[in-house]
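Thanks for coming, everyone. Please put the model up on the screen, and I will walk through it.

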Amino acid sequence: MQELIQTREITEDARKQTIIECIADKYAKQILKNTVEKPKSALKISKEESIPLSTVYRKLQKLHDGKLLAVSGSINRDGKRYFLYMSKIKGVTIRCDLGEPIVECILNDNLQQYIN
């Protein structure tokens, strides 16, 4: 059975730059990879990837600003708010023929089941 892979070409220069920077960043890549299958909290990402929590929060903000992460929030029984993060992408393709780079994102099809 063939699987339909949805991609989206990024045309906005600022967004292209953000994606390229995030893909080059070791921790940002780990966070995206860790959150492809299901949404996770910052604390869980920190523990699973052995990244300091402060670094996780900083990278989550950058990924969210770059529109690479979906964020959902809730309030637990103790009345505390917590957020779950999930990657909007499964992969990135970057092509460059010494001109303007072409950036395409492979969309995360797992995201739909958590949004709906």
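**A walk through the fold**

Start with Ser 50, which lies in the loop between H3 and H4. One word on those labels: helices (H or I, at least four residues) and strands (E, at least two) are DSSP runs, numbered from the N terminus. Before going on, two notes on the source. This is a predicted model, where local features need pLDDT of at least 70 and side-chain atom pairs count only at pLDDT 80 or more, while totals for chains, interfaces and linings use all residues. Residues are numbered from 1 along each chain as its sequence is written, and side-chain values use heavy atoms, with hydrogens and water left out.

Back to Ser 50. It has a positive phi of about 55 degrees, although it is not a glycine. Most residues other than glycine have a negative phi. Is Ser 50 buried or exposed? Ser 50 is exposed, with a relative accessible area of 62%. The cut-offs are these: buried means under 20% relative accessible area, exposed over 50%, and partly exposed in between, with a 1.4 Å probe and protein chains only.

There is another residue of this kind. Lys 67 lies in the loop between H4 and S2. Its phi is near 60 degrees, again positive in a residue other than glycine. Lys 67 is partly exposed, at 48% relative accessible area.

Now the overall picture. The secondary structure comes to five helices and five strands. Along the sequence, the pattern reads β-α-α-α-α-β-β-β-β-α. The C-alpha trace spans about 55 × 35 × 25 Å along its principal axes. The chain has 116 residues, and 32% of them count as buried. Take the contacts with a separation of 6 or more: residues 24 or more positions apart account for 51% of them. Contact here means heavy atoms within 4.5 Å.

On to the helix pairs. Two packed helices are described by the angle between their axes and the distance between the axes. The axes are lines fitted to C-alpha atoms, for helices over the stretch in contact, and angles run from 0 to 180 degrees between N-to-C directions.

Take H1 and H2 (residues 26-34). Their axes come within 5 Å and cross at roughly 90 degrees. H1 and H2 are therefore roughly perpendicular to each other. The classes are: under 35 degrees roughly parallel, over 145 roughly antiparallel, 65 to 115 roughly perpendicular, and the rest oblique. From H1, Cys 22, Ile 23 and Ala 24 meet Lys 26, Ala 28, Lys 29 and Leu 32 of H2. By class, this contact has five nonpolar, no polar and two charged residues. Ala, Val, Leu, Ile, Met, Phe, Trp, Tyr, Cys and Pro count as nonpolar, Asp, Glu, Lys and Arg as charged, and the others, Gly among them, as polar.

Next, H3 (residues 42-49) and H4 (residues 53-65). At what angle do their axes cross? They cross at roughly 120 degrees and come within 9 Å. That makes H3 and H4 oblique to each other. Ala 42, Leu 43, Ile 45 and Ser 46 of H3 meet Leu 53, Val 56, Tyr 57 and Leu 60 of H4.

Now the strands. S2 (residues 69-75) and S3 (residues 81-87) pair in the antiparallel sense over seven bridges. Two strands pair if DSSP finds at least two bridges between them. Gly 73 stands opposite Phe 83 in S3. The hairpin has five residues between the strands, and Gly 79 takes a positive phi near 85 degrees there.

Stay on S3 for Tyr 85, which lies in that strand. Tyr 85 is buried, with a relative accessible area of 11%. What does Tyr 85 touch? Its partners beyond four places in sequence include Thr 35, Pro 39, Ala 42, Tyr 57, Leu 60 and Leu 69. Tyr 85 and Val 56 are 29 residues apart in sequence and 11 Å apart in space, C-alpha to C-alpha.

Last, the open sheet. Three strands run in the order S1-S5-S4, with antiparallel pairing. The edge strands are S1 (7-10) and S4 (89-95), each pairing on one side only. Neighbouring strands are turned by 25 degrees against each other on average, direction ignored. S4 and S5 (residues 102-107) pair over six bridges. Val 92 stands opposite Cys 105 in S5. H1 (residues 13-24) packs on this sheet, touching S1, S4 and S5, and its direction makes about 70 degrees with that of S5.
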